[in-house]
Amino acid sequence: MRPVAYTKQLVPGTKNPEPDFAYVNTFNMKQEKIITLEHVTKRFPVGDGEFAALRDITLDFQKGEFAGLVGPSGSGKTTLLNIIGSLDSPTEGTAMVMGKRISALSHKQSARLRNLHLGFIFQVFNLLPVYTVYENVEFSLLLQNRSASERKKAVMEALEWVGLEKMANKKPAKISGGEGQRVAIARAMVKRPEIVLADEPTANLDAKNAHAIIQTMKKLNEELGTTFLFSTHDEKVMSYLDRLVHLNDGKVAQDELVNHKTKTP
Ligand SMILES: Nc1ncnc2c1ncn2[C@@H]1O[C@H](COP(=O)(O)OP(=O)(O)O)[C@@H](O)[C@H]1O
Ligand SMILES: [Mg+2]
C-alpha cells in the first residue's frame, strides 16, 4: 500500500463531473479508522502531585498507515503507544483500538486484544535466551491453540519475511543485534496482527541495520496491509514514514503527511 495522501481520483460513476466536485481525496474516501484518540490525557502521580505526560490528544490512524510518533525524549511517545497497546489507560478521554474502548476492557479482554490483533516491537528485543529463534517466534502462537503444523508454517513464513529462515535453530546469544531485532519483527508479525506498535525499534542498531529493519517493516506494511505505528526520534526511520505526528510536552505539535514520491530513489 503506497501512501494515498495527496492523490486525487475520480469518484467512480460520477456523472457530468463538475471539476471541483468530481475529485475527492482518496485519503478521506478510503479511510477506515483503526485507532481513535479523543481528548486523551494521561497523568501520573509524582510525589504529592501529578504529572501530565499526555495532554488532550485527539488523533486517528487509518488501517494500513505507516506512521510515527516523533519528538524529543520525554514528549509522551511511549505513554501514548502503551495506551494504544492496551498496556495502560487514559486518565481522561477515549482511546478506541479496533473498535474497542481501551479503558472499558477487562484484564482478560485487553490480553485478548493484544494476543490476537497487536504486535509489539521494543527498543530492547527481550528474546528468551534459553529458547531458539524458532521457539521465540512460536511463543505467541502457543497462546492461540493452533496445531503444530499450522504453527510451523506460520513461524517459518515469518522468519522468511525477515530473512532468518536459516537461523531458526540458533539461540539468541549466537546472533547479531540486527538479527535479534529481525527475530523481534518475526515474533510480532507471526500472528499477522492488524497493528504493530514499534517503540524506538532502531535505537540499539547501527545505521545499516536500522535501514534494513525499517525497509523490512515497510515491505510488510505494503504486502500485508499491516498498520505500523512507531515511536522514534531517529531521522533514518522518519525518512520512511508516511506520516509524522510530532509530540511536544505531551501535546500534538504538528501532524504531517509526507509525500515520498519526490524523495525515494
Ligand atoms: N509511570 C510514570 N510515572 C511518572 N512519570 C512518568 C511515568 N511514565 C512516564 N512518565 C513521564 O512522562 C513523560 C513522557 O514519558 P514517555 O512517554 O516515556 O516519553 P518518550 O517516550 O517520548 O520519551 C516523561 O516526562 C516521563 O518522565
Ligand atoms: Mg519512549
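The exercises below go through a predicted model of a protein chain with a ligand, each with a worked solution.

Residues are numbered from 1 along each chain as its sequence is written, and chains are lettered from A and ligands numbered from 1 in the order in which they are written. In this predicted model, local features need pLDDT of at least 70 and side-chain atom pairs count only at pLDDT 80 or more, while totals for chains, interfaces and linings use all residues.

**Exercise 1. The chain as a whole**

State how many helices and strands the protein chain has, and what share of its residues is buried.

Step 1. Helices (H or I, at least four residues) and strands (E, at least two) are DSSP runs, numbered from the N terminus. The protein chain has nine helices and 12 strands.

Step 2. A residue is buried if 20 or more other C-beta atoms lie within 10 Å of its own, exposed if 12 or fewer, and partly exposed in between, with C-beta atoms placed from the backbone. By this count, 36% of the 265 residues are buried.

**Exercise 2. The shell around ligand 1**

Find which elements supply at least two residues each to the shell around ligand 1, and describe the shell by class.

Step 1. A residue is near a molecule if its C-beta atom, placed from the backbone, lies within 6 Å of it. The shell holds 13 residues, of which F44, A53, K77, T78 and T79 come nearest.

Step 2. The elements are β3 (33-46), β4 (49-62) and α3 (77-84). The largest share, three residues, is that of α3.

Step 3. Ala, Val, Leu, Ile, Met, Phe, Trp, Tyr, Cys and Pro count as nonpolar, Asp, Glu, Lys and Arg as charged, and the others, Gly among them, as polar. The shell then has four nonpolar, eight polar and one charged residues.

Step 4. As for burial, seven of the eight residues of α3 are buried, namely K77, T78, T79, L80, L81, I83 and I84. Just after α3, S86 takes a positive phi of about 55°.

**Exercise 3. Helices α5 and α6**

Classify the crossing of α5 and α6 and list the residues that meet.

Step 1. Axes are lines fitted to C-alpha atoms, for helices over the stretch in contact, and angles run from 0 to 180 degrees between N-to-C directions. The axes of α5 (residues 133-142) and α6 (residues 148-161) come within 10 Å and cross at roughly 125°.

Step 2. Under 35 degrees counts as roughly parallel, over 145 as roughly antiparallel, 65 to 115 as roughly perpendicular and the rest as oblique. The helix α5 is therefore oblique to α6.

Step 3. Two residues are in contact if their C-beta atoms, placed from the backbone, lie within 7 Å. From α5, Y134, V137, E138 and L141 meet R151, A154, V155, A158 and L159 of α6. These contact residues divide into seven nonpolar, no polar and two charged.

Step 4. In the loop between α5 and α6 lies N145, which has a positive phi of about 55° although it is not a glycine. N145 counts as exposed, because it has 7 C-beta neighbours inside 10 Å.

**Exercise 4. Helices α7 and α8**

Step 1. The axes of α7 (residues 177-189) and α8 (residues 207-224) come within 10 Å, crossing at roughly 15°.

Step 2. By class, the contact has six nonpolar, five polar and one charged residues.
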